[in-house]
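Please read this briefing alongside the sequence and the 3D view, and keep both open while going through the points.

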Amino acid sequence: SRRLFPVVGVTWYEAAAYCVWLTRHWAEELQTSGTAREQHANLKLQNSNFKFRLPTEDEWKRAAGGEEGNRYPWQKTPEKVKEDKIVKYANTRESDLGGTTPVVMYPAGMSPATVMDMSGNVWEWQVNLYGKSNEWRALRGGAYYNDVASVPASARNYYHPDLWDNNNGFRVCAAGSVSRS
């Protein structure tokens, strides 16, 4: 089992379809999981107006702490990261692991918004197009085969939405409001 590893090898359409499925089945999942106490705590979420989807690039950038030059998600200001130090923060070529790692493996790389794995590991599908006049979808984050210079918060890529790659994965975001009752 690849528990805690990012999901990879899916097209943009498959990632978007998962978000639709999750939106439809969220309340069911809450009802069938956890203890009675957890189920009670989740009642507010069951009545919420959550919609799950892929993030926009702007949302992704905010989760990564903003996009200021070549700043990395764990940095407050842009500073050069040496090749031998990146292995503390992200799964990149310098880690020499040759594949994806569990999302929780690099706690030192957490962004100020407390989001893990924003640099390296896998390129993440974004909901938006890469450019205004094309069909390519945007990707963010960099992957395990990229070197340290290729994975700052500003790292951006594109791929055709019909194609999958073992280096492309996705992150789900929840949009909407939670009932305060």
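This is a predicted model: local features need pLDDT of at least 70, side-chain atom pairs count only at pLDDT 80 or more; totals for chains, interfaces and linings use all residues.

Residues are numbered from 1 along each chain as its sequence is written, and side-chain values use heavy atoms, with hydrogens and water left out. The protein has four helices and six strands, where helices (H or I, at least four residues) and strands (E, at least two) are DSSP runs numbered from the N terminus.

**Overall fold**

- Along the sequence, the elements follow the pattern α-α-α-β-α-β-β-β-β-β.
- Of the 181 residues in the protein, 38% are buried, a class that means under 20% relative accessible area, with exposed meaning over 50% and partly exposed lying in between (1.4 Å probe, protein chains only).

**Pocket and cavity**

- Both kinds of space are found on a 1 Å grid over the protein atoms alone: a cavity is a set of points where a 1.4 Å probe fits but cannot get out, whereas a pocket is an open set with protein on both sides within 12 Å along at least five of seven lines, and lining residues have an atom within 4 Å of a point.
- Grid points are joined across faces, edges and corners, and a volume is the space filled by probe spheres set on the points.
- The largest pocket holds about 310 Å³ of space, and its lining consists of 17 residues, of which Phe5, Pro6, Val7, Val103 and Phe170 lie nearest the centre.
- By class, that pocket lining has 10 nonpolar, two polar and five charged residues, where Ala, Val, Leu, Ile, Met, Phe, Trp, Tyr, Cys and Pro count as nonpolar, Asp, Glu, Lys and Arg as charged, and the others, Gly among them, as polar.
- One cavity of 30 Å³ or more is counted, and the largest cavity has a volume of about 30 Å³.
- The largest cavity is lined by Tyr89, Val103, Tyr106, Gly109, Met116, Asp117, Met118 and Ser119, which divide into five nonpolar residues, two polar ones and one charged.

**Salt bridges**

- The count comes to six salt bridges, each being a side-chain nitrogen of Lys or Arg within 4 Å of a carboxyl oxygen of Asp or Glu.
- Glu57 and Arg140 form one of these through their side chains, at 2.8 Å from N to O; because Glu57 lies in helix H4 (residues 57–63) and Arg140 in strand E3 (residues 137–140), the pair ties together parts that are 83 residues apart in sequence.
- Both Glu57 and Arg140 are buried.
- A salt bridge at 2.8 Å, N to O, also joins the side chains of Arg171 and Glu124; Arg171 lies in the loop between strand E5 (168–170) and strand E6 (173–175) and Glu124 in strand E2 (residues 123–129), so this pair ties together parts that are 47 residues apart in sequence.
- Glu124 counts as buried because its relative accessibility is 5%.
- Salt bridges that share partners join Glu57, Arg140 and Arg156 into one network.
- Within helix H4, Asp58 and Lys61 lie three residues apart, about one turn of the helix, and their side chains meet in a salt bridge at 3.4 Å, N to O.
- Asp58 has 47% relative accessibility and therefore counts as partly exposed.

**Surface patch and a cross-chain distance**

- Tyr18, Trp21 and Val172 make a nonpolar surface patch of about 250 Å².- Patches are made of residues with over 30% relative accessible area and no salt bridge, with like charges joined within 9 Å and nonpolar side chains (Val, Leu, Ile, Met, Phe, Trp, Tyr) within 5 Å; accessible areas come from the Shrake-Rupley method with a 1.4 Å probe, and for residues only the protein chains shown count as cover.
- Tyr18 is found in helix H1 (residues 12–32) and is partly exposed, with a relative accessible area of 34%.
- Val127 lies in strand E2 and, at 29% relative accessibility, counts as partly exposed.
- The C-alpha atoms of Val127 and Ala15 are separated by 9.6 Å, although these residues are 112 residues apart along the chain.

**Backbone angles**

- Asp96, a residue other than glycine, has a positive phi near 60 degrees; Asp96 is placed in the loop between H4 and E2 and counts as exposed at 68% relative accessibility.
- Asp117 is not a glycine but has a positive phi of about 65 degrees; Asp117 lies in the loop between H4 and E2 and is buried, with a relative accessible area of 8%.
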